[in-house]
Amino acid sequence: MTPPTPAAALAWAQALGLARLDAQVLLLHALGRSPSDRAWLLAHDRDPLPAACLAHFAALCRRRAAGEPVAYLTGVKEFYGLPLAIDARVLDPRPDTEVLVDWALEVLAGRAAPRVLDLGTGSGAIALALQHQRPDAQVLAVDASADALAVAQANARRLALPVQFMQSHWLEGVRGSFDLIVANPPYIAADDPHLPALRHEPLGALVSGAQGLDDLRRIVADAPRHLAPSGWLLLEHGWNQAAAVRQLLHAQGLAQVQSRRDLGGHERCSGAQQPA
Ligand SMILES: C[S@@+](CC[C@H](N)C(=O)[O-])C[C@H]1O[C@@H](n2cnc3c(N)ncnc32)[C@H](O)[C@@H]1O
């Protein structure tokens, strides 16, 4: 019988179809170690594993093989260097969204004490990253989901970041104007063939009408009334929606309409500036 070592456990997980990195992170979680301890796994790859750890690891691997995000299984995801507590009430924050945060920080550079609004905050990923990078900012984070807001507020408390939260249907309950409005709204078409693979994440965080554009349209229509002069609206969207979103931004009379590419080279963010 193969001895239950980390090497054998990882080989078993890969045979089940797991990516090596996912298997390593899940094994570290089952061992009660940090996900950044991959060097430890290599150094101990022939050591015997405790039976309880092995049973826990096997259960996690089966759930991962059935499509659950690793972040839901470990309860944590690093976003822009911040460890966020994540569960099935919120979207698993994606590394591509860090491109939107980079862009947001660029447009905020040189503005003292900027007012920032994050629409559809989910876990709080964008709002918390911006507040962490810009302690002088006044950040308001909005979501329609009370469940999502509970996750985001708990993250803010744990990270001691003074983001304000509000339950609102996009800008309906929001008052005042902002130097930056940022949003990663739902943008997947209702009949998108990739949706079954995302079945563990909240549908309300993913789907937005027949073309995936309903929420983007709504936000672009309402945001200009809440943008300060020279304020920016920055939006994440699907890989094939950049031209449509730029058109929406132009139609609102916004300036500097442009798109940015994600880590895979796709135009995944578009934005524009309120005239001065
Ligand atoms: C794609 S997730 C983004 C979550 C997070 N900002 C991120 O980047 O990981 C979209 C978020 O928008 C929220 N949302 C959906 N419809 C909304 C609405 N009408 N008003 C406000 N938030 C909404 C969802 O609850 C979800 O948290």
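Predicted model: local features only at pLDDT ≥ 70, side-chain atom pairs only at ≥ 80, totals over all residues.
Seven strands make up an open sheet with mixed pairing, and their order is β5-β4-β3-β6-β7-β9-β8. The edges of this sheet are formed by β5 (164-167) and β8 (255-261), each of which pairs on one side only. Direction ignored, neighbouring strands of the sheet are turned by 15 degrees against each other on average. Within the sheet, strand β3 (residues 115-119) pairs with strand β6 (residues 178-183) in the parallel sense over four bridges, and Leu119 has Ala183 of β6 as its bridge partner. Helix α7 packs on the sheet, where it touches β3, β4 and β6, and the direction of α7 makes about 175 degrees with that of β4.

Helix α1 (residues 6-15) and helix α2 (residues 20-30) have axes that come within 9 Å and cross at roughly 130 degrees; the two helices are therefore oblique to each other, and their crossing is right-handed. To this contact α1 gives Pro6, Ala9, Leu10, Ala13 and Gln14, while α2 gives Arg20, Ala23, Gln24 and Leu27. Sorted by class, the residues in the contact of α1 with α2 are six nonpolar, two polar and one charged.

The ligand is surrounded by 23 residues, of which Gly120, Gly122, Ala144, Asn184 and Ala205 are the closest. Two or more residues of this shell are given by each of the elements α7 (125-133) and β4 (138-143). By class, the shell around the ligand contains twelve nonpolar, nine polar and two charged residues.

Notes
Residues numbered from 1 in each chain as written. Axes fitted to C-alpha atoms, helices over the stretch in contact; angles between N-to-C directions. Parallel < 35°, antiparallel > 145°, perpendicular 65-115°, else oblique. Left-handed = near helix turned anticlockwise from the far one by under 90°. Contact = placed C-beta atoms within 7 Å. Nonpolar A, V, L, I, M, F, W, Y, C, P; charged D, E, K, R; others polar. Near = placed C-beta within 6 Å. Pairing = 2+ DSSP bridges.
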